[in-house]
Every structure is written in structure tokens, then in C-alpha cells.
Amino acid sequence: MSTREQFRPEDHENDHFLLTTVVGSYPKPKWHDRARELFEDDDSDFDLDDWEESKDDAARLITEEHERAGVDVVTDGEMRRNEMVEYFAHRIDGYDFNGRVKVWGHNYFDKPSVVDEVEYDEQWLVEEFEFTNDVADAPVKVPITGPYTLASWSFNEVYDDEEQLTYALADLVNEEIEALVDAGARYIQIDEPALATTPDDHAIVGEALERIVDDVPEDVRLGLHVCYGDYSRIYPEILDYPVEEYDLELANGGYEQLDVFKDDEFTKDFAMGVVDVHTAEVESVEEIKENIKKGLEVVPPEQLTVSPDCGVKLLPREVAYGKMENMVKAAREIEQELDAGEIDVVAGAEASADD
């Protein structure tokens, strides 16, 4: 059963509907970064109440920015999160921290260690979802780091191997998703960037996902985000995963891997990156339309979701907004051209043969 139609806006003007959304992260306002610095400064009188107010203000502002750009399903830009592994590790019993390590460029994160059996204690994202859902008019998506990436990007001092740690974390992710669903969440994206860089473990990710989706209602849209790797080593095997949508980065690589998805029919929804998050140049509407048409070489319109390659947090904020705004404009124009019969959709292997 497709869950897509529940996210079609009531005032959507076109017959065709290309669902537009974002992967998750967004540039933080400078005043919010400064607020974090003050909160972490022992000599500052900037207290917890001040920090909570800053997070609420930033989440409200960025959610509204997504809506102003016209995105169909929004996030709060992850204004409450500092990093995609560290943030969750701080909320899971069994983790400890060793200090900051360099990950790329001048970016660091406090790499955690699993020093005891992991346990679910407090809710991770429910408060974030409830606040965003309350301030947003548009539907809200919840991105959550997957258990394989949580395990791969941590030191493991307890479990026999990374596989066993992944499964233990998957059970905790399942508990969190159940709590999110109870709170009203209907679109949840599991982020597994580690999968594409270590593709031989795709069976482990599949088993972890089976644990995650246990007892999740059918009307909840579950997606999987993967980025920056060799997709030929995980496709078509990933189609067996119990998710409805695959969100994949392709614009940064100039769509060189697009043919990977044509030889075997793409049987799930395809959320394709149509703007590059590693270039500060805002792609034109015409350029993005050509990228969207590449997605129609893989799946028909009713299976195509339009999104950026990945989170846009490293871009200047005005650039991130410009990419979102043009992305939505391009999607709406493609819908109009589909309605008018001006685009021939030939998805799959036939499109590859026509190249």
C-alpha cells in the first residue's frame, strides 16, 4: 500500500504529484550557534531555559523557512541536534565518550564508546517532532540515524562484533519509532550513510530494518537514506528491505550511477537527489528539471520523490534556501508538463537502452 497520497497538499494544483521533501539538516542561524557556545561556557549565565528558548525559536524559524520554499513535507532542520551519532549516543544508556575526533576538514565530533549493554531510557525525538508538528502547517518528516551507522561510527567495547551491536541498537530504534508513531508521526526516514561505504554488510542492515519495522502500522511511510558510495554493490538487494522509499544521493556524482537502477526494476519509491549539497551555487530551475527527468528514467512519476542529495547544513543559509525554492519550482513545472503530456516517461531498462 502506498502512503504517498496522504502528503499531497489539499490545494495541489496539478494532477501529477511529485512529493518534495528534504533529507533533514539545515544551516543553523548564527545566533543559535552563539547561544550554544554561551550555554556550554561555564563562565556564562546563559542557562538551560535560555538554551531551550533558542532551540524552540530556531526550530520554528527553519520549519517556516521550509514551508515558505513550498516543500511538501518539512523538518525543523535538526536545530536541536549537534551531530547525527553523538546526539543519539547521549540519550542511550551504555554509551560513554572519549573526546573529540576529526572527521573531515575542520569538523569534529565526540566519538562515543559502547561500554555497557545499550538500553532505551529516554525518548530521543518525540519532543522535537511534537514541537515541529505543532508549528508547521505542512506534514513533518522525522529523520533518525539508523542502528548500523550508530554502531559503525562508535567504539564497541562490549558486544562480540558490530553485527550484534547493530541488532541491539535496532531494537532501541524500534522503541523510538513506536513512540513517534504514537505521537502522530507518519513519515520517518532512517539514515544509514555507513551502508554505502561498507556495502558487504547490506544483509546486516536488512536484518536490522526487519527489527525496526516490527509492529509499525502500514500507513506510516518509512524511508531509507543512503549516500556517497558504490550503489552497484547494494542494488538490487536493498529492494528486499522493509521500507517504502529509498532516498539516494546522485546529483553530486553527475548521475554517473543512474544506470545501476535501470537493469532491475525499481519496485519501491525513488527519492532522488536533484541538487548538490556540496556546491554553493544554486542550481537553476531548468537545471533541476533536467535532473528530475533523470529520475523518470528509473521510476514513473507516482514513485518519484524529489529531494536534495543529503542534509544541507554545510551550505550558507541563503544558498540552502535557494536550492529548496528552485527544487520545488522545478517539481511543479515538471508536474504541469506531465499533465500536458509533454514528457514521455520511459522508466527502467528501456530508458537505458534508449540512451
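**Notes on the predicted model**

1. Thr132 is buried, because its relative accessibility is 2%. This is a predicted model. Thr132 sits in helix H4, which spans residues 126-135. Setting aside neighbours within four places in sequence, Thr132 contacts Thr63, Thr75, Asp76 and Val140.

2. Thr20 belongs to strand E1, residues 19-20. Its relative accessible area is 0%, so Thr20 is buried. Not counting residues up to four places away in sequence, Thr20 touches Gly70, Val71, Asp72, Val73, Val306, Met327, Val328, Ala331 and Arg332. Pro308 is 288 residues from Thr20 along the chain, yet their C-alpha atoms are separated by 9.3 Å.

3. Two of the residues that Thr20 touches, Asp72 and Arg332, also pair with each other. Their side chains form a salt bridge, 3.1 Å from N to O. Arg332 lies in helix H10 (residues 317-339) and Asp72 in the loop between H2 and helix H3 (86-89), so the bridge ties together parts 260 residues apart in sequence. Both Arg332 and Asp72 are buried.

4. The structure holds 27 salt bridges in total. Another one joins Arg68 and Glu65, at 3.7 Å from N to O. These two are three residues apart in helix H2 (residues 48-69), so about one helical turn separates them. Arg68 is exposed, because its relative accessibility is 56%, over the 50% cut-off. Glu65 is buried, because its value is 5%, under the 20% cut-off.

5. Glu244 and Arg221 also form a salt bridge, with their closest N and O atoms 3.2 Å apart. Glu244 is in the loop between strand E7 (221-226) and strand E8 (245-248), and Arg221 is in strand E7, so the pair ties together parts 23 residues apart in sequence. Glu244 counts as buried at 16% relative accessibility. Arg221 counts as buried at 0%. The pair belongs to a salt-bridge network that links Arg4, Arg221, Glu244, Glu245 and Asp269.

6. The surface carries a patch of negative charge, made of Asp93, Asp116, Glu117, Glu119, Asp121 and Glu122.

7. Glu297 is in the loop between helix H9 (285-295) and strand E10 (304-307). Glu297 is partly exposed, at 24% relative accessibility. Asp137 is 160 residues from Glu297 in sequence, and their C-alpha atoms are 33 Å apart in space.

Terms used: Residues numbered from 1 in each chain as written. Predicted model: local features only at pLDDT ≥ 70, side-chain atom pairs only at ≥ 80, totals over all residues. Heavy atoms only, no water. Patch = residues over 30% accessible without salt bridge, like charges linked within 9 Å, V, L, I, M, F, W, Y side chains within 5 Å. Areas by Shrake-Rupley, 256 points an atom, 1.4 Å probe, with all protein chains shown as cover. Salt bridge = Lys/Arg side-chain N within 4 Å of Asp/Glu carboxyl O. Lys, Arg positive; Asp, Glu negative; His and termini not counted. Charge placed at Lys NZ, Arg CZ, Asp CG, Glu CD. Helix = DSSP H or I, 4+ residues; strand = E, 2+ residues; numbered from the N terminus. Buried < 20%, exposed > 50% of the residue type's maximum accessible area, 1.4 Å probe, protein only. Contact = heavy atoms within 4.5 Å.
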